[in-house]
Amino acid sequence: MTKKELERIIDKYLTGKASDEELKLLQEFENFALSKNKGNTFKSQLEKQALKSNLFNSIEKNIQKEKVYADIFKIAASFIIAFGIFYFVSKNNYGRIDTIVIANNNSLPKSVTLPDGSTVILNANSRVTYSTDFNINERKLKLSGEAYFKVVTNQSVPFIVETKNLITKDIGTEFNINGNNQAVMVTVSEGIVDVYNGKDTLNLVENQQAVFNTYTKQIKSFNVNSELYDYWTKEQMVFNDITFKELAEVLYNLYDTEMIFLDEATKNLRLSIAFRKSERIEDIIYRINQIKEINITKNKDNMIAIRIP
């Protein structure tokens, strides 16, 4: 397996598109890498600890500074799959780590801590990539997919996220970036964030969103309710003064259940509601029926009908 083939298969694995044959090849390579390059891999107990603490420090402590045995190990000296998080370490010609990839292959959000203490919550099939000089001269990383960032304040070293040619710059706030579709959406939950598309710069504050069209390269800003874009990171979700149309999108994403509006006017009716991810959708429907003068029913096809009685 060549270097290029390995990169291609790993990329397909991280996005959930690898075939059974490619998964087998990847497993064979992992076994080969572990047997031939034991000095460059994590010790078993420290692997688990690295998933919970500072990844950079764990890697620096537990990876030997030796030259890799073959060119293939320049790309992947070791990779670890545990607790739904995938760590991929890339090495240069001198056996030193130069790139770290952290990806979430689980269906549930996963939280990781960056070298500067900032927190990244990765949504399913999402990953971040950064170099080992992160937090030295700059705090720069690349995002594929969706992630929520809780950035530690550092006025002298800005925090920079690159997503499909859109640059998000911050010095210490909280924001969500979704790059899963043809449009990249940056939504600010707290503080101030700058976004740049190579031509125009937008300054966003709390409850504002930038939408970057990857085809036209145009970028626009909107006033939004940030609760509708970061709820996926929380077990207990609170929505204040949202429309039923907005609630329908939330329920579709969480429960894969479509809401059918039998009366057009119900789309713009507003409500405030809180519920947990673990809560059954039937219980949520029951509570809504109690607090609003509407009628919501769920049929056997897993569709919700809403009407004014």
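Predicted model: local features only at pLDDT ≥ 70, side-chain atom pairs only at ≥ 80, totals over all residues.
**Strand β11 and its partners**

Strand β11 covers residues 174-178, and because 4 of its 5 residues are buried, the strand is largely enclosed by the rest of the structure. Two pairings involve this strand: strand β8, made up of residues 146-150, runs antiparallel to β11, and strand β12, residues 183-190, is likewise paired with β11 in the antiparallel sense. The table sets out these pairings, with one pair of facing residues for each.

| Pairing | Sense | Bridges | Residues opposite each other |
|---|---|---|---|
| β8 and β11 | antiparallel | 5 bridges | Tyr148 and Asn176 |
| β11 and β12 | antiparallel | 5 bridges | Phe175 and Val188 |

**Gln209 in strand β15**

Gln209 belongs to strand β15, which spans residues 208-213. Is Gln209 buried or exposed? Its relative accessible area is 4%, and because the cut-off for a buried residue is under 20%, Gln209 counts as buried.

Leaving aside residues up to four places away in sequence, Gln209 touches a set of residues including Met185, Val186 and Thr187, as well as Leu204, Phe222 and Tyr229. With Thr187 there is also a polar contact, in which the two side chains are joined at 2.8 Å. Val224 is another residue that Gln209 touches; although Gln209 and Val224 lie 15 residues apart along the chain, their C-alpha atoms are separated by 6.5 Å.

Conventions:
Residues numbered from 1 in each chain as written. Heavy atoms only, no water. Buried < 20%, exposed > 50% of the residue type's maximum accessible area, 1.4 Å probe, protein only. Pairing = 2+ DSSP bridges. Contact = heavy atoms within 4.5 Å. Polar contact = N/O pair within 3.5 Å; in protein donor to acceptor, adjacent residues only side chain to side chain.
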